[in-house]
Amino acid sequence: MEEVEKREEGRNDGMLEGGVEVRVLVVDDSPVDRRMVEVLLKKSGAMFQVTSVDSAKRAMEVLGLSEDKTKSPVVDDQKVDIILTDYCMPEMTGYDLLKAVKEQSCQKPIPVIVMSSENEPQRINRCRAIGAEDFIIKPLQTNDVLRLRSYARTGLPPPPPLSSSKAGTKRKMTIELMAESGGGGSERRRPRLTGLAMA
Amino acid sequence: MELGSLQRRYIDFTTALFREGFLDNQYTQLQQLQDESNPEFVLEVVTLFFEDSEKLLDELSRTLDQQVVDYKKVDAHVHQLKGSSASIGAQRVKNVCMAFRNFCEERNQEGCLRCLQQVRQEYFLVKSKLETLFRLEKQILAAGGSVPVLW
């Protein structure tokens with residue numbers, strides 16, 4: 001059973017950042033994890049528009065990618081700003097999806113962040129080697145989603161890569177700088193400068 | 001039952017669940033994500049977990065019952081169960097899944113069957129505990145009180 005869920009998330013304080021919504025495509029075969037990620041994204045304080053699918057195959061369809069790599073997408077207009085994909089999925093894995101996205105012949109492939117419950121340096125390296133922007137260990141925490149916004153923005157320097165020799169650490173190092181300029185987490189309440197009138 | 005004792009019962013019950021390892025910090029994370037815009041979030045995710053798990057347990061029974069066991073398939077199901085139990089903080093279920101995966105790797109049918117029995121036991125235990133917890137919350141709210149926040 002394949003499904004696509006689209007939820008509009010975000011609050012008015014997104015106006016502070018020019019009202020730009022970040023379109024996230026979540027790919028995970030676990031309904032529990034899909035729902036968790038959706039709510040984490042919503043609560044992170046940033047403006048996220050979330051689409052979630054339960055398979056890499058479905059993700060390919062949403063992205064307008066064909067299995068045939070010689071065919072470029074008809075329109076270069078990317079429908080998605082970031083892809084957040086689970087690694088272990090039946091049939092087509094997150095790795096396969098990552099590869100397909102990065103092999104796109106258009107100018108700028110979409111940032112892909114891979115999620116996995118296994119903290120395996122080999123797996124992490126494999127993903128980075130073909131261009132994954134980051135690798136997050138499940139279960140996801142609020143800190144993890146805070147970083148996502150920075151990957152979607154142009155002009156911001158990418159966060160330093162994760163050291164794969166950190167075998168024991170479950171958490172990625174927190175990119176304080178990115179978090180500061182990126183979305184506001186629940187720990188930091190931004191002042192409501194726009195003073196939107198509520199009827 | 002009077003509100004005060006309902007709330008005390010809730011506190012005792014929840015504390016025991018954590019102390020006995022049925023739930024871990026990840027469950028607390030779920031509770032922290034629940035708010036006015038997602039008032040039923042915990043119930044929603046836990047219900048998804050119940051549905052997913054029971055489907056997986058049935059699949060596991062079926063797969064392990066075959067003449068020739070497809071251990072890759074068994075492992076894939078256990079991996080999924082491990083993932084979702086970890087996501088909601090069902091610690092004991094997650095722990096049995098970890099042992100279960102080792103038996104899969106060894107292609108040890110007896111070990112796998114034992115683990116299946118154990119994981120099923122742990123699952124139904126935590127399910128019943130969580131249902132009690134939700135029932136208590138409902139009773140507290142119905143009595144006009146608020147659910148104690150233990151974090």
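I took a cavity to be a set of points, on a 1 Å grid over the protein atoms alone, where a 1.4 Å probe fits but cannot get out. Grid points are joined across faces, edges and corners, and a volume is the space filled by probe spheres set on the points.

I worked on a predicted model, where local features need pLDDT of at least 70 and side-chain atom pairs pLDDT 80 or more, while totals for chains, interfaces and linings use all residues. Residues are numbered from 1 along each chain as its sequence is written, and chains are lettered from A in the order in which they are written.

**Cavities.** I counted four cavities of 30 Å³ or more. Lining residues have an atom within 4 Å of a point. From chain A I noted D33(A), M36(A), V37(A), L40(A), M115(A), K138(A), P139(A) and L140(A). Q26(B) and S87(B) also line this cavity. Helix α1 (residues 31–43) of chain A gives the most, with four residues; helices are DSSP runs (H or I, at least four residues), numbered from the N terminus. I sorted the lining into six nonpolar, two polar and two charged residues. Nonpolar means Ala, Val, Leu, Ile, Met, Phe, Trp, Tyr, Cys and Pro; charged means Asp, Glu, Lys and Arg; the others, Gly among them, are polar.

**Pocket.** A pocket is an open set with protein on both sides within 12 Å along at least five of seven lines. I found 23 lining residues, with Y10(B), Q31(B), Q34(B), E137(B) and V147(B) nearest the centre. α6(B) gives the most to this lining, with five residues. The lining divides into 13 nonpolar, six polar and four charged.

Terms used. Heavy atoms only, no water. Helix = DSSP H or I, 4+ residues; strand = E, 2+ residues; numbered from the N terminus.
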